[in-house]
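Notebook open, structure about to go up on the screen. I want to jot down what I look up as I go.

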Amino acid sequence: MKKLFLYLLLCCFSTTIQSQREGYAFLKISKEDGLGLASNVAYTIYQDKQGFIWVGTANGLQRFDGNRFISYGISKAEKNDLPIADLHQIIPVGKQQLLLNYGSQGKIGLFNHASLEYIHIPIESKTPIPAKNSMRLQLDSKENVFLNIYGIGLFKYDKKVKKFFPEKEILFPTGWYPNQHFAEYKKKNQIWFVCGEKGLAVFDRTTKKLYTKEYNPLSIPLLSEKYKWKNLTEIYIDKRDRFWIFGWPDKHVKTVYEYNGTSLSDTAGLNSNFQYEELRYFFESKKGSLWMYGANALYSYNQRLNKFNYYKSEFGSSIGIQYENINDMTEDRDGNIWIASDNGIYMTSDQSSQGNVVNFIFSETKGGIEITDILELASGGYWLSTWGSGLLTLNKELMSYKNDLLEKMPSGLSEADKIHYKQIWSLHQRKNGEIWLGCQFSKYMIYDTVTRKMQFHTVKELNGSTIRFITEDNDGNIWMSSQRGDIIKYNGKQFEKVQQIGTIVRKLFFDNEGLLWVTSLNQGLYCFTKDGKKLIHHYTVSDKSNPLFQKGGDDIDQLNDSTIVYAAGALNFIHKKSKKVTWLTVDEGLPANSVLRIRKDHKGNLWMITRNGLCRYNPINGIITPYEKKDGIVIANLTTEADFLTKDNNILFAGSNGLIYFSPSAFSNNALPPDVAITDFKLFNHYIPVDSLQLLPKVALNADQNSFAISFSSLSFLLRDKLTYYYKMEGLDEGWIKADRNNTVNYSFLRPGNYTFKIYCEDNEGNRSKNISSMQLFIRPPFWRTGWFISSLLTLITLIAYTMHRLRLNKLIEVENIRTRVARDLHDDMGSTLSTINILSSMAKARISDSLKTGEYLNKISDNSQRMMEAMDDIVWSIKPSNDSMQKILARMREFAINVCEAKDIMLEFQSSEEVNDVKLNMEARRDFFLIFKEAVNNAAKYANCSKIKIVASVTGKRLSLLIADDGKGFNVQEADNGNGMGNMRKRADALNGKIQINSVINTGTTIQLDIPVQ
C-alpha cells in the first residue's frame, strides 16, 4: 500500500487505521530516467545564483537545468584537469567559481564553469595529512571558506593566492580538534565547535578568543562543567535559537538546549528509527522546516505537532524515498527541497510548516476505505462518510479522533440493516444543525448535534433504493436522490416523490435562482423548476445543436449568474438563458477529458479533479493550470468521489482511500516568473559551454556554423510546466513566437549578419518575466563575401581591366609604331630608291642615243629595283607573326648568307647553339638584329674580297652574341668613312640595348661582334 510523504497524513480511524503521521512526498531523479544523471550516488547538491542545480556524484561534477544533466571532467585527469571521481562537496567562492572537495582523493580544486578552467588548491599544513583523514569544507555567513581536516586542524581559504592556510584567529588548546561541522550563533557573533571527548568550544568574533570549559570568563552556560559532555559529534543552531547537540558516549544521544542551558523536549520522534542510524547533518529551509539526516536517517520537524517525522527507506514506492545514506540537502529559490542520496536525487516541496496542502491516505487492514462525501460541521471539524466503514472524524487541526456514532444502533435492527447504515453515501447539515446521512437500501440517519444522539430511519417511498445525495433548498426542504433515479422532497412532515429519472442521480444542485439541476449516470442533465415538477430543459449528448460532451456526468456547480458548469467527460458550460453548451477539453489545456469533481473557490476559480489529476480553471483569462506532485498534490487520482469548500475557503477532495486538503491561496503566485536563462547552445551535435558564451558581448560564428540550437529554461522547477515561452530572433523573425514544450529552438542555414535572440516567459496568471533575456550573435560571411575580399577582388578586376586596357593600348601603339616604321621605311628606302630609279630613267631617256650610258643607267635601275625588292621583302618578313621564333630568324639568316656567298664564290661557315633557339625577340628587335647581320654580310661580300665568312650565333647567360668574321683585305677602322652602313649598324645595336664591336686588320680580315640582352 502506498504511503504519502509530501504533506502526508496517515490517520487512525476505528479499527481499520493503524497509525498516523505527517510529512513529505518525494520525486526521484535517477540515472535510469534518461536525463543524464551520471550516477545514482549523489554526494552533494547546490543551486547557483542563476538557478542551475550543481550535483557532485560518484562520477564527478554535473549541472542540471531542469531538462538534462551536463557532465564536466576527464576520466584520466592530469594535475590541472577536472577529474571524474567521487565529488563530496561543492562550495561557491565567486560568481563562476566552485571549490570542489574530492575527499576520497584528498584533494581540493577550484573550477571556473565559464572558462572551464580547473586548478588544484594546495593546503599549507605543517603536519603531514594522512590519506585516511576526512576533509570537510564549510562556508560561514561572512563568505569565509574553512577546511576542517580531522586530527590536523582548521584551515582558511585565501581567495587571492588560492591556497588553504592554517586558521590564525581560531586557536584551539593542545589536544582539542574540532569535529567536521561548526555552527554559527549570529545573535552573539559566535562560532560553536564540538571537539569529541573535550566537549564544546566557542569562538567569539568580537573578543577574538576561544572559550571552553577550561576557560569561560563569559560564563557561557553550555560550557559549564555540569553538562559533562562526552564524545560530542554534531552541533547545529536553528533559526529558533535551539542548540542541537549530538554525541556518542555509548549510544547515539540527541539533545537540544536553549542558549541559557535549559534542556528542551523537542527531540520527540527522533528515536522512531529502531535500526542503526547516524544523524550527521542538519538543514533548515527558508520557511523554517528543520531536517536531520545521515546514514539510514532522514527526519523533518513538524512545527504544528512539535515532533519529528521519520522517513524510512521504502523500496518501490513512487512517492516515498529509498536510501541508505542521505548525503546533502539544499533549497532552491522556489522553495523546493533537493536531497542527494546514494540512490539518486529526490525533490520535494516545503509546505508542511504552513499546512497549506495536506494529503491523506489511509492504511488498511480489512480492505479499502471508500470515502463518499465530506461535511464540515458548523461547530468545526470534519466528517467523512464511507461505504462500509461508517464515519471518519477529524478535528479542526485535521487530527483524527475516535467516534462512537454508529456503535449504539437500536437493538431491534437486523445485521443487514446495521451494515446498510454503515454504507453511507451522503452527508448534509441543515440550517437547524441536524446532520442527515443518506445510506444504503433507503436508510438514512439524523444526528442531533445538541443531544449528540443518532436517529435511524428508512424512506419507504424509495422502496429499498440507495440514497445517493442529500441537499436542502432555500425554503428548508430536504431533497434526496436515489440509485434508481428517484427524486424525493421532504417538507418537514412527509416525503414526496417528485421525479423518477430512471437512472442513478449522483447530485442535486440548486442554483442562485432556485432552479433544480439533476445529474444522471447516462441520461444527461435535467433542469427543473424549484419545486422539481416542471422540466425546463433536458441537455443530452444527442442534441444536434447543443450536445453535451458525453451522456452522463458526475458533478455540477455554478460559475456565475448565467452559467452552470457540468462535469460530463470534458467540462460543459451551460448557458442558462440561451441553452447553449460549450466544452472545455484537452485542446484548451484540460489534463484529461474526464472531469470527475468540480468545486468553485471564493475567487471564482474552478478546481477540478480529472483522471490525470488536479487542475484550476481561471474564468477570467481561460487559463488551465495543472497541479502535480511537485506542487504538493500527490493523490488527486484517488479523490474522485467527494468535494467540499470550507468556511475558511479551503478545498477538500476525497475518494478511494485518500483525501487532499489545500488552501487555494497556496497556489496563488503574485510574484513575477524568473527571467529565462539560456541553458545550452548546440552547434551541430556539439554543446558549447553557455557560461563562456554569455561572457562575450557577441557570439561570433563562422560562415559554416550557421545551423545551431538554443535551449532555455526559467530554472524554476516549481513553475516549469506552468510557463509559456515566447522567443524572437531579431534579424530573422518579425514577431514573437510561442515556443514548443521541449524548450529548444533550432535554426538552420542562417545568412551572414547580426542577430539577437530574445526570450521571455509568462505564467498561467499572465505574469511576464521582468526582463527579456537575450544573446547577441554574429555570423561571419564566407571569405568571398567579406569586405576585404570584395575590395581585393574589385582592385584585382580593376588592375586586370587596366592591364588589358594597357595591353590593348600598347598593342595599338605597337601597331601604330609598326605602321609608322613601315611608312618610314617605305618612305626612306623605297622612296629614295624609286626617286633614284626615276632619275636614272630620265637620264637614260635623255641619252637614249648613247647606248653605253643608257646601258649603265639601266644596270643601276636594275640594281636599285633589286635592292628595293629585298627591302620590301625584309619589311614584310619582319612583321609576319609566323616568323617570331628564333629558328625562323636563323633560317632566314642562313638563307641570305648562302645566297650572297654563292654569288661571290665565298665559303660560308654558319654555327648556332641550341640555346639560341629558345631566345625570344620581338618584331623590332628581330628586324634590327637581322638587318645588322645583313649589313655585315653584304659588306663582307662586296668590299672585303674575302674567301671565307664565318657566322656564329650563341647565348651566354642572358645575352645573345652574333659573330661575323671574314678573311678579306680588312680596313683601318679609325680611318674608315662612317657611312650609312656602319652608322645604321650602331644605331640598330643601340636600339637593341646591345653593344657592337668592329675589329679589322689589314690583309687579315674583319670581325664584327654583336651582344644584346635577351629574356
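I started with Met-804, which sits in helix α3, residues 787-846. Helices here are DSSP runs of H or I with at least four residues, strands are E runs of at least two, and both are numbered from the N terminus. This is a predicted model, so I noted that local features need pLDDT of at least 70 and side-chain atom pairs pLDDT 80 or more, while totals for chains, interfaces and linings use all residues. Residues are numbered from 1 along each chain as its sequence is written, and side-chain values use heavy atoms, with hydrogens and water left out.

Is Met-804 buried or exposed? Met-804 counts as exposed because its relative accessibility is 54%; the cut-offs are under 20% for buried, over 50% for exposed and partly exposed in between, with a 1.4 Å probe and protein chains only. Met-804 belongs to a nonpolar surface patch with Ile-790, Leu-793, Leu-794, Leu-796, Ile-797 and Ile-800, and together they have about 640 Å² of accessible area. Patch members need over 30% relative accessible area and no salt bridge, and nonpolar side chains (Val, Leu, Ile, Met, Phe, Trp, Tyr) are joined within 5 Å. A salt bridge would be a Lys or Arg side-chain nitrogen within 4 Å of an Asp or Glu carboxyl oxygen. Areas are Shrake-Rupley values with a 1.4 Å probe.

Next I went to helix α6, residues 923-943. Its end C-alpha atoms are 30 Å apart, which agrees with the 30 Å that its 21 residues should span at 1.5 Å a residue; the expected span is 1.5 Å times one less than the number of residues. In α6, 15 of the 21 residues are buried, so I wrote it down as mostly covered. Asn-922 caps the N-terminal end of α6, with a side-chain oxygen 2.7 Å from the backbone nitrogen of Ala-925. Just after α6, Asn-945 has a positive phi of about 50°.

Most residues other than glycine have a negative phi. Lys-228 has a phi near 50° and lies in the loop between β19 (209-211) and β20 (232-237). Lys-228 is exposed, at 63% relative accessible area. Lys-579 has a phi near 65°, in the loop between β48 (570-575) and β49 (581-584). At 24% relative accessibility, Lys-579 is partly exposed.

Last entry, a sheet. I found an open, mixed sheet of five strands in the order β59-β65-β64-β61-β62. Its edge strands, β59 (699-701) and β62 (737-738), each pair on one side only; pairing takes at least two DSSP bridges. β59 runs parallel to β65 (residues 773-779), joined by three bridges, and Ala-700 has Phe-778 in β65 as its bridge partner.

How values were computed
Patch = residues over 30% accessible without salt bridge, like charges linked within 9 Å, V, L, I, M, F, W, Y side chains within 5 Å. Polar contact = N/O pair within 3.5 Å; in protein donor to acceptor, adjacent residues only side chain to side chain.
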